[in-house]
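Biologist: I'd like to learn how to read salt bridges in a model. Could you walk me through some?

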Amino acid sequence: MRKVVTGDQVAQIYNRDPLAFPVWRAPVYRTPGWIIALAQLCRLVFWVVRLVFRHPVVSLVLAVLGFVWSETGWLGVLLLAVWTVVVLAAWRVLWPVGFARWVAAPARNAWRAWWYRRRWASVMTISGLAPWYQGQIILPVLGKVSSTRYVDRVQVRLVSGQSAAEVALRVENLAHGFGAMLCRVRTARSGAVVLEFVRRDALAQVVPAAPIVAHPDLWALEVGRREDGLPWLVRLHGTHVLVAGATGSGKASLLWGLVRAIFPLMQDGLVRVLAADPKLMELAFGRIIFDTYGEYAATPVAVADMLERAVADMQARAARFAGYQRDHTPSAADPFTVVLVDEVAFLTAYQPDRKMRERIMNALATLTTQGRAVGYCVVAALQDPRKDVLAIRNLFPDRIAMRLDEPEQTDMVLGDSARDRGAACELISTDPATGAGVAFIRLESDPDPVRVRAGWVSDHDIRGLAAQCTTETMPLELEGVPV
């Protein structure tokens, strides 16, 4: 029995051959009009609900405007708009932090996201990041966009088989395509990257010295500004910091910025600073600060003695902590100690006395290998970052590279491939107005270098700190060893 096929159909396609096998067309079903209307209505409701959930603020504003217009007409809408502008202006003036967080930042993020979404397909295709696969173009997926006044961070999910290195080769194309000054590729989770677009240079002008806060945080000391306009925070507790930069690059401002940031803790007796100043120029300008709240040494003999006393105090503290605590909390009995060494290369490489050089190197090596857990931090500054100048360079987890003379020196300070990730320290301007204090930092917890600028600490600022030091204030002692 032949199977019955329902629907409109043509029994046989016209063929002049009488012996040809009949060819049947597929049946054509006529969908009722009410089903089509219901499907389109469901699709419209789904689209509206998705639009409301994806853009709740815009949807709420449109709903309020529609309600006001239906109740009061255009005059009510105009008065509501004027009242909203007045409220936002007052919010901006009286509570700028809250306005920036809840109004300015979301609006900027939405605007920049629309900007990238509009140009995404064309830029990805022309720059060669949209591969051709099975007859169609596959685009990297545009993710969340976070924006500041200076920098946009765009999350991108790569096409299967792509790598971050391929994207790094197209950063100039991406920067020009999206109208940015430059573009950097930041690491993210597997299969994704973060594109950092710099629209404006937040470090083009001299950054003033950061204000002194009453209760500083040793894990986040403000010393300048980052490229995205946010404060530059430096951690001292639980780490060591290496600062490298050519002459005139601004190392002194960074060192004094750290002293200025921890000065309230020095006054409270929770922090002391052991300053080694072989140049007799930078740190000597505020020597009374170190004589009051720590110790100052300039000659190689005095520096070696000071560092060896610090090692003895550190080891005695470690013996007391052993079996009782693993972390250090600053206190008057056990203050956090910062060993501040300016021009460490003179002490470790250029010192003609070999025995003196070995004493200083051994003391610094002991402090950098054993001092983190018991509240000791070494901050060393130098001009030449070569390994034969400072053999213990790798013992500094956090590193800061200011203007350097050679491109290879960037990787010496910040680690391999740092220059490929955008840390072009040799391109920092030699003009003090635009380049002094500018640096790239690479933290132990983050392999991506970040461009920053240290705040300029003037002679007047240093004199202000020194004026608060009195001879009546006794300096702290190194646990049984008088300063």
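Modeller: Gladly! Side chains of opposite charge can pair when their charged atoms come close. A salt bridge here is a side-chain nitrogen of Lys or Arg within 4 Å of a carboxyl oxygen of Asp or Glu. Take arginine 320, which forms one with aspartate 334, their closest N and O atoms being 2.6 Å apart. Arginine 320 lies in helix α9 (residues 300-321) and aspartate 334 in the loop between α9 and β12 (336-341), so the pair ties together parts that are 14 residues apart in sequence. Helices (H or I, at least four residues) and strands (E, at least two) are DSSP runs, numbered from the N terminus.

Biologist: What should I know about the model itself?

Modeller: It is a predicted model, where local features need pLDDT of at least 70 and side-chain atom pairs count only at pLDDT 80 or more, while totals for chains, interfaces and linings use all residues. Residues are numbered from 1 along each chain as its sequence is written, and side-chain values use heavy atoms, leaving out hydrogens and water.

Biologist: Is aspartate 334 buried or exposed?

Modeller: Buried means under 20% relative accessible area, exposed over 50%, and partly exposed in between (1.4 Å probe, protein chains only). Aspartate 334 is buried at 10%, whereas arginine 320 is partly exposed at 39%.

Biologist: Which residue does aspartate 384 meet in a salt bridge?

Modeller: Its partner is arginine 386, at 2.7 Å from N to O. Aspartate 384 counts as buried, with 14% relative accessibility, and arginine 386 is partly exposed at 38%.

Biologist: Where do aspartate 291 and arginine 287 lie?

Modeller: Both are in helix α8 (residues 287-293), four residues apart, or about one turn of the helix. Aspartate 291 is partly exposed at 33%, and arginine 287 is partly exposed at 42%.
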